[in-house]
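Thanks for coming, everyone. I'll keep this brief and walk you through one model. Have a look at it first.

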Amino acid sequence: FENKLHTQDNIICFSKRGNKLKQEHMQGAIQSAILNFENKTSQKIETSTKIIIQAPTKEPCLQVIDYMNWAVQRAFIKREMRYFNFMKDKISFICDIYDFEKYPNNFYNKKNMFSPEKISPL
């Protein structure tokens, strides 16, 4: 969200996992991100952000996102591309947050296609 949160109003939907994920904690993290951005850029963010915590069984889109995240995770950890390749035309952006050496070029998109050979070891 670092460079995107301020560009428009947002509704962020997180999947509830037991009792670990509390809406207040997520709202606090988003507020911290907003304050960090404002301090870094001296720009006031005027957009709104609403956070929804929901059980995946009540929101089918969360099930789709969980599956897509799992496919990306499998490509990163096991270097298995079968599931990723099945959906790669639906994935427009991946950021390898662990690749400090390539920062800020640790982003993968249509121009810089993701592949296990390019990522940093975990």
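**Salt bridges, a buried loop residue and a patch**

Let's start with Asp-99, which forms a salt bridge with Lys-102, the closest N and O atoms being 3.6 Å apart. Keep in mind that this is a predicted model.

How exposed are the two partners? Asp-99 is buried, because its relative accessible area is 5% and buried means under 20%. Lys-102 counts as partly exposed, at 32% relative accessibility.

The structure holds 5 salt bridges. One joins the side chains of Arg-74 and Glu-80, at 3.0 Å from N to O. Another joins Arg-82 and Glu-80, at 3.4 Å from N to O. These bridges share partners, and Arg-74, Glu-80 and Arg-82 form one network. Now the accessibility of the two arginines. Arg-74 is partly exposed, with 21% relative accessibility. Arg-82 is exposed, with a relative accessible area of 56%.

Next, Asn-106. Where is it? Asn-106 sits in the loop between E3 and strand E4, the latter being residues 107-108. Buried or exposed? At 3% relative accessibility, Asn-106 counts as buried. A polar atom of the Asn-106 side chain lies 2.8 Å from the backbone oxygen of Asp-96. What else does Asn-106 touch? Leaving aside neighbours within four places in sequence, Asn-106 is in contact with Ile-94, Cys-95, Asp-96, Ile-97 and Asp-99.

Now another loop. Asp-89 is placed between helix H3, residues 82-87, and strand E3, residues 94-95. Asp-89 is exposed, with a relative accessible area of 53%.

Which residues make the nonpolar patch? Tyr-67, Trp-70 and Phe-86 do, and the patch covers about 340 Å². Tyr-67 lies in helix H2, residues 60-77. Its relative accessible area is 35%, so Tyr-67 is partly exposed.

Last, the overall layout. The domain assignment gives domain 1 as 10-54 and domain 2 as 61-109. How far apart are their centres? Taken over C-alpha atoms, the centres of domain 1 and domain 2 are separated by 22 Å.

To recap: a salt bridge between Asp-99 and Lys-102, a network of Arg-74, Glu-80 and Arg-82, and Asn-106 buried in its loop. Over to you.

Key: Residues numbered from 1 in each chain as written. Predicted model: local features only at pLDDT ≥ 70, side-chain atom pairs only at ≥ 80, totals over all residues. Heavy atoms only, no water. Patch = residues over 30% accessible without salt bridge, like charges linked within 9 Å, V, L, I, M, F, W, Y side chains within 5 Å. Areas by Shrake-Rupley, 256 points an atom, 1.4 Å probe, with all protein chains shown as cover. Salt bridge = Lys/Arg side-chain N within 4 Å of Asp/Glu carboxyl O. Helix = DSSP H or I, 4+ residues; strand = E, 2+ residues; numbered from the N terminus. Buried < 20%, exposed > 50% of the residue type's maximum accessible area, 1.4 Å probe, protein only. Domains from an automatic or database assignment. Polar contact = N/O pair within 3.5 Å; in protein donor to acceptor, adjacent residues only side chain to side chain. Contact = heavy atoms within 4.5 Å.
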